[in-house]
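Thanks for asking me to look this one over. Here are my notes, as numbered points, to read with the model open beside you.

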Amino acid sequence: MEWAELSQGLDTVWVVLTAAMILLMEGGFALLEAGFVRQKNAVSIIMKVFVDISFGALVYYSAGFALMYGKDAGGIIGSTGFFMGGDLTHLKLSISHDTYWLFQCAFVIAVISIVSGAVAERIHFRAYIVYAIVMTGLIYPIAGHWIWSPGGWLAEMGMVDFAGSAAIHALGGFAALAAAIYLGPRIGRFGEDGRTNIVPPSNLPLASVGAFILWFGWFGFNSGSTLSATNPAIGHIAVTTMLASASGCALCILFTMLRYRKADPPMAINGALAGLVGITAGCAYVSDAAAILIGAVSGIVMVLASEWLERRKVDDPVGAFAVHGISGSIGTLAVGLFAVPGTTAHAGLFYGGGWQLLGVQALGLAVVAVWGFGLTWCTFAAIRRFKPVRVSRDEELIGLDVGIHGVPAYSQEHDFLDVGSLRRN
Amino acid sequence: MEWAELSQGLDTVWVVLTAAMILLMEGGFALLEAGFVRQKNAVSIIMKVFVDISFGALVYYSAGFALMYGKDAGGIIGSTGFFMGGDLTHLKLSISHDTYWLFQCAFVIAVISIVSGAVAERIHFRAYIVYAIVMTGLIYPIAGHWIWSPGGWLAEMGMVDFAGSAAIHALGGFAALAAAIYLGPRIGRFGEDGRTNIVPPSNLPLASVGAFILWFGWFGFNSGSTLSATNPAIGHIAVTTMLASASGCALCILFTMLRYRKADPPMAINGALAGLVGITAGCAYVSDAAAILIGAVSGIVMVLASEWLERRKVDDPVGAFAVHGISGSIGTLAVGLFAVPGTTAHAGLFYGGGWQLLGVQALGLAVVAVWGFGLTWCTFAAIRRFKPVRVSRDEELIGLDVGIHGVPAYSQEHDFLDVGSLRRN
Amino acid sequence: MEWAELSQGLDTVWVVLTAAMILLMEGGFALLEAGFVRQKNAVSIIMKVFVDISFGALVYYSAGFALMYGKDAGGIIGSTGFFMGGDLTHLKLSISHDTYWLFQCAFVIAVISIVSGAVAERIHFRAYIVYAIVMTGLIYPIAGHWIWSPGGWLAEMGMVDFAGSAAIHALGGFAALAAAIYLGPRIGRFGEDGRTNIVPPSNLPLASVGAFILWFGWFGFNSGSTLSATNPAIGHIAVTTMLASASGCALCILFTMLRYRKADPPMAINGALAGLVGITAGCAYVSDAAAILIGAVSGIVMVLASEWLERRKVDDPVGAFAVHGISGSIGTLAVGLFAVPGTTAHAGLFYGGGWQLLGVQALGLAVVAVWGFGLTWCTFAAIRRFKPVRVSRDEELIGLDVGIHGVPAYSQEHDFLDVGSLRRN
């Protein structure tokens, strides 16, 4: 056996296992979202996650990957690698192209799953499928090319985003914001008398399982992004990931104890996730102390952003924008402040690297936010020319589970029903 | 440190981690099945999975492994390795025999868990324990010996089945069919007026968690079957696994949208699983495009097979035969069509390899199906000579949870009950 | 690339992945406990697990790790490594200190999560946070130093505890016992007429998911404790872990079939866990046969211990003491009986090693039990001087979810509520 064979085997094992961990995060998204929404829509949101993972993988295989990681054309877009064919040698990978695709596929599925929470309880299923195809085949791959592909224009300018606070979370979060605004709030969410109404999550234990699964997957997400098992940063990445999530969660518990006079469970869950999102860009670049700070700020600002969005009458049922959009933005900018010298081309502002890195991070963030928001808005507008993007009032009131998918999430029937009542064929 | 030590360490880590992933699939089976059946039987089906994993491991350790992988006797059966003792050097493994046993143990537990879904809501718990012992100690190990052990007669003929579409899924699926027919349908499933009755799944979010966990574990199942971390096929295996499951799921969503005028959630779940089952035999041998095709065909045929079984008045509560038996058969035969030259001794029919591989795959599949169906039928018939295999009508109507295990799956009691009502000692 | 780089990369991958598996066990604890308690307290117990993982990680990072693994002072306590700074070279690790911290952090979080089950349904949230800080920053690290740190006095005497039957489970279990006694039983648990009352678990499928996740994580827990991927014992460790859990579960199923005339689902779950706890100390030191025996004894004694505790009117809602305290004790002592020559400095009693190892194991166990019980009692007594440790009668009756956290675990509302009813700010 050759040296290279063992080394490549190790890298392959690392990437395949972490990719599987990231794919398991889809289970986490499904449960988190199903637990947060009302019972009558729990199945419909899980069906969206099945769309994310199935259509997402096929679209990214056909076109998305090529546009993102194919041979660069003008810093704007990739041009080879459709159906994993063509020349991909410019990627200079130690692992096979196949293996690399699987890891990247797990990423694209995460992006679209961010949006699925924001459109919960009111989007039409057909419209969601079309949007998912556009997101995974076009919107994300092109932005991802700019940030992560050799030759991408933001990458060339020096933007750094280790595992995707910008490319994944801010993009997904701003897309989620656009979708939530475009669709409008759920019926009854904001009363005609100006009051804000709320429902308690239908199944908090289920939402918590989701959070724990996401937490687990994030170790694959961040550490796996080294793509190499001999990268000496792996341990540090895992530790900053742990510390930021712990501080995001702990601070949200303390902050809501002060602010609401109770430790708020949904905020504790989202606080852990906010910390994870916040550290995703800088996990390999910042110190332990900075990770704790980034997590804490991400958690608290997430709470405030959730409140602000509510006051603005934007209805984001699971807090997708506050968790992914806002914390992703914080994480992207934090690299510009806290990057330790030697880990990136320019150190962060607080480490004597000057304003350069912070500037390019801010530029990249703004570009990604506008791109994600704008393209999502346009896609929904285009879909609406042909088909409704929102379910009918009746379907929304009865719930999408029975209204669209013909089956409730939870059934306490002890006897049988006639088959015709479930299958309308 | 020696070369061999590092290489063996890497292989060991790979096999132990993927074995743990496969064992986690038991959690997936438990949730999928508990979510699909009625509330009143959710605990009883989970108890069957606890039987699978606990009795299964002990029986396979004592005898099953020896009959399957012990030194070959006449191509029919293994003869060494009881309690992991005796000579096992013929296995020529890079990892320890211990580690190999753990991986194979995870497989046998999966086989018996396939059957547990088909007998849900009506089998007697004692009878199930006996059947589980026979399945894990005799039925599966002997069939597995034929297909996978050095010297097994189907292996010698050239049958290939990378991770077990035939040895695991078709065997389990046909055993499930026999069990479902032998036990007969649940009371009320098929009305006296000839109508087919149905209940909506009691907990679809739980069933979905199960599916996501199974999906995750399958990456261990298929990729781990290399047993070596330096096998260059690992990346390809993981990718074909991903593509087939995505296409099985996506096609089932689209197909049910056309056929039932709604995207059917249980079919989307089973579609993903059908794709995974279908690619299990060929994941290392077929191209990406073939994987997508195999997944799509497995998904759609699974839907049709479910309907056909229902018309034939066979009651398989979770679709075990349609998912595992049918898709496992498709996957086994597909290798005979799509095996890429160089990956197997004979290439598939569509790659100029002629009919040979397809013929031996078909023979092997037929043997496994008859063996699984026949032995399961005989085992149930033998059990019934001593003890009932089906619960009483009263127990079935009240549900097996309270009827057999004395405790409901879900309790909304806020106060305490007298201990005597739960423990009958 | 250097030899060392590849070897260190392999060890790092192994430790990071197994650490992530152990952290996922928090999801398992949360679900197991939420499923076992009443609906009205399901969220509150999950919030405790969020405290465990978030406060636990931060406290262990700040101080706990240093007291446990810092440079030894007098065999009693560590003195370097606060905030992961200072000299840690005495640890002589192949992996980075960072990576080692992550793995140990996953352990400390497990310890505190053991206690969270025993105090369920009645502890005040603020008091729990304070206790969690003391446990993860002081009680566990000091006991852990004695057993596991180079120079710790029990380690020097020859105590062996591979992955923590004593250091983790007996410590956590006896702490749980102290907490359960200190807090007193839940209102209504033991009737005024001397009768013992019980509630069925609120969500057994959820509890089962928890058990399967814990089972999965345990392979990381035990095998990962090698800290080295080239440790030839990894396969054996995983196999003894599997066998002990299988035999604990199988024996509990059979034993309750005999004793209660029904296979008891909560006991089957706890039986698997008891087997896992029991083998944790000896997984690397005992034979397969001994592992099966240890698992069986752990399972059966766990059932008897649960009954005994109930007769003594101690209210431990999830069986934390029976599972962790008792099985952890059995496992610790079992090493003194069954340690195979060559695996430890002195072999076990049954292998001709004489009484020495058994004696030191018994001493270490007694020390850990007294330490865990005593310090926990003192901590609760100290907290009560300032704040109540138990919720008010009204809060307990209405449930901690609504009473303390302002939100129910499960909501079937289909419409919206006024926001003011959920947030009291």
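1. Leaving aside its neighbours within four places in sequence, which residues is A:Ser54 in contact with? This is a predicted model, and in it the partners are B:Ala246, B:Cys249, B:Ala250 and B:Ile253. Please have a look at that spot first.

2. A:Ser54 itself sits in helix 2 of chain A. Its relative accessibility is 0%, so A:Ser54 counts as buried, the cut-off for that class being under 20%. A polar atom of the A:Ser54 side chain lies 2.7 Å from the backbone oxygen of A:Phe50.

3. Now to A:Val49, which is also placed in helix 2 of chain A. With a relative accessible area of 0%, A:Val49 is buried. Once neighbours within four places in sequence are set aside, A:Val49 is in contact with A:Glu26, A:Ala30, A:Glu33 and A:Ser116, and with B:Phe212 from chain B.

4. Next, the interface of chain A and chain B as a whole. The size of an interface is often given as the accessible area lost when the parts come together. Here the area buried between chain A and chain B is about 5600 Å², and carbon and sulfur atoms give 77% of it. Several elements of chain A each supply at least two residues of the side that touches chain B, including helix 1 (3–36), helix 2 (42–69), helix 7 (204–224) and strand 4 (417–418). The largest share of that side of chain A comes from helix 1, with 17 residues. In total, 64 residues from chain A and 66 residues from chain B take part in the contact.

5. What about polar pairs and charges? Between chain A and chain B there are 6 residue pairs in polar contact, counting pairs with both residues at pLDDT 80 or more.

6. A:Trp3, B:Trp3 and C:Trp3 make a nonpolar surface patch of about 280 Å². One of these residues, C:Trp3, belongs to helix 1 (residues 3–36) of chain C. C:Trp3 counts as partly exposed because its relative accessibility is 33%, and that class lies between the 20% and 50% cut-offs.

Technical notes
Residues are numbered from 1 along each chain as its sequence is written. Chains are lettered from A and ligands numbered from 1 in the order in which they are written. This is a predicted model: local features need pLDDT of at least 70, side-chain atom pairs count only at pLDDT 80 or more; totals for chains, interfaces and linings use all residues. Side-chain values use heavy atoms; hydrogens and water are left out. Patches are made of residues with over 30% relative accessible area and no salt bridge: like charges are joined within 9 Å, nonpolar side chains (Val, Leu, Ile, Met, Phe, Trp, Tyr) within 5 Å. Accessible areas come from the Shrake-Rupley method with a 1.4 Å probe; for residues, only the protein chains shown count as cover. A salt bridge is a side-chain nitrogen of Lys or Arg within 4 Å of a carboxyl oxygen of Asp or Glu. Helices (H or I, at least four residues) and strands (E, at least two) are DSSP runs, numbered from the N terminus. Buried means under 20% relative accessible area, exposed over 50%, partly exposed in between (1.4 Å probe, protein chains only). Contact means heavy atoms within 4.5 Å. Buried area is the accessible area (1.4 Å probe) that two parts lose on being put together, summed over both. A polar contact is a pair of N or O atoms within 3.5 Å; within protein, one must be able to donate a hydrogen and the other to accept it, and residues adjacent in sequence count only if both atoms are side-chain atoms.
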